[in-house]
Amino acid sequence: MEGHIYITKHIGEVPDDTPGVTLFDVVTQVQSQPGASRYIVHISSPGGNVAEADRIADYLNRLQAQTEVIALGEGLVASAASKIFLTINKRDAKEGFQLMLHNPHGIADGDARQIEEYLMQVKAAEKSYENFYSEKLSIDKQTLSDLMDSELYIDYEKSKQLSIINYTLAEEPQIIFAYNQICSSHMGF
């Protein structure tokens, strides 16, 4: 049986927005399909909370060590969602797929100490993603840092060229029947 995991909203809780996909949602989807021999992770997300995306990526990385997991990009896979997509070793996409990378960002609030702590967290997330993307895309860190300074969109064709898309989901085989149906009315019986 093939299981399906859907990450088709923003990641985590975003202030003043509808609830997004959380680690709990992903775990629940997996546990509701206990007989699955492999999982297709359908991803189409604008991104969201970096920490939640990291937790989901870590979980799916552990899951793929136990069973086959395939990422299927279905439209825009952006920001924090790109880490989830790239964590999965087998990646396919549909036409219209775009992978978007950029530096993590957010809104600082609080006193000077809190803002300084937040700055350190954002810088740490930026370096972590830079290292991750550099490894996954085989691009040196400085070039990748320069590319991440603005939003980098990688379309379907470029994704194939860069081996981001490195797997093709096989269509379920169609069973073709060929037979000669002998109808008794044609035989004169």
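The dialogue below walks through some features of this predicted model.

Q: Which helices and strands are there in the protein, and in what order do the elements run from the N terminus on?
A: The protein has seven helices and six strands, and from the N terminus on these elements follow the order β-α-β-α-β-α-β-β-α-α-β-α-α.

Q: How many residues make up the largest nonpolar core, and which have the most contacts inside it?
A: As a general idea, nonpolar side chains tend to be buried together in soluble globular proteins. In this model, buried residues make up 41% of the 189 residues, and the largest nonpolar core has 40 residues, with Ile-7 and Leu-60 having the most contacts inside it. Helix 2 gives the most to this core, with six residues. Leaving aside neighbours within four places in sequence, Ile-7 is in contact with a list of residues that includes Val-21, Val-41, Ile-43, Ile-56, Leu-60 and Ile-84.

Q: Is a given residue buried or exposed, and where do Phe-132 and Lys-9 fall?
A: A residue is called buried when its relative accessible area is under 20%, exposed when it is over 50%, and partly exposed in between. Phe-132, which is found in helix 4, has a relative accessible area of 15% and is therefore buried. Lys-9, in the loop between strand 1 and helix 1, counts as partly exposed because its relative accessibility is 41%. Leaving aside neighbours within four places in sequence, the contacts of Lys-9 are Pro-19, Gly-20, Val-21, Ser-44, Ser-45 and Pro-46.

Q: What is the phi of Ser-138, and what is that of Ser-163?
A: Most residues other than glycine have a negative phi. Ser-138, however, has a positive phi of about 55°, and the phi of Ser-163 is near 60°, also a positive value. Ser-138 sits in the loop between helix 4 and helix 5 and is exposed, because its relative accessible area is 68%. Ser-163 lies in the loop between helix 6 and helix 7 and, at 45% relative accessibility, counts as partly exposed.

Q: How much space lies in the largest pocket, and which residues are closest to its centre?
A: The largest pocket holds about 710 Å³ of space, and of the 25 residues that line this pocket, Gly-48, Asn-49, His-105, Gly-106 and Tyr-118 are the closest to its centre. Helix 2 and helix 4 each supply at least two residues of the lining, and helix 4 gives the most, with six residues. By class, the lining has 12 nonpolar, 10 polar and three charged residues.

Methods. Residues are numbered from 1 along each chain as its sequence is written. This is a predicted model: local features need pLDDT of at least 70, side-chain atom pairs count only at pLDDT 80 or more; totals for chains, interfaces and linings use all residues. Side-chain values use heavy atoms; hydrogens and water are left out. On a 1 Å grid over the protein atoms alone, a cavity is a set of points where a 1.4 Å probe fits but cannot get out, and a pocket is an open set with protein on both sides within 12 Å along at least five of seven lines; lining residues have an atom within 4 Å of a point. Grid points are joined across faces, edges and corners, and a volume is the space filled by probe spheres set on the points. Helices (H or I, at least four residues) and strands (E, at least two) are DSSP runs, numbered from the N terminus. Ala, Val, Leu, Ile, Met, Phe, Trp, Tyr, Cys and Pro count as nonpolar, Asp, Glu, Lys and Arg as charged, and the others, Gly among them, as polar. A nonpolar core is a set of buried Ala, Val, Leu, Ile, Met, Phe, Trp, Tyr and Cys residues joined through side-chain atoms within 4.5 Å. Buried means under 20% relative accessible area, exposed over 50%, partly exposed in between (1.4 Å probe, protein chains only). Contact means heavy atoms within 4.5 Å.
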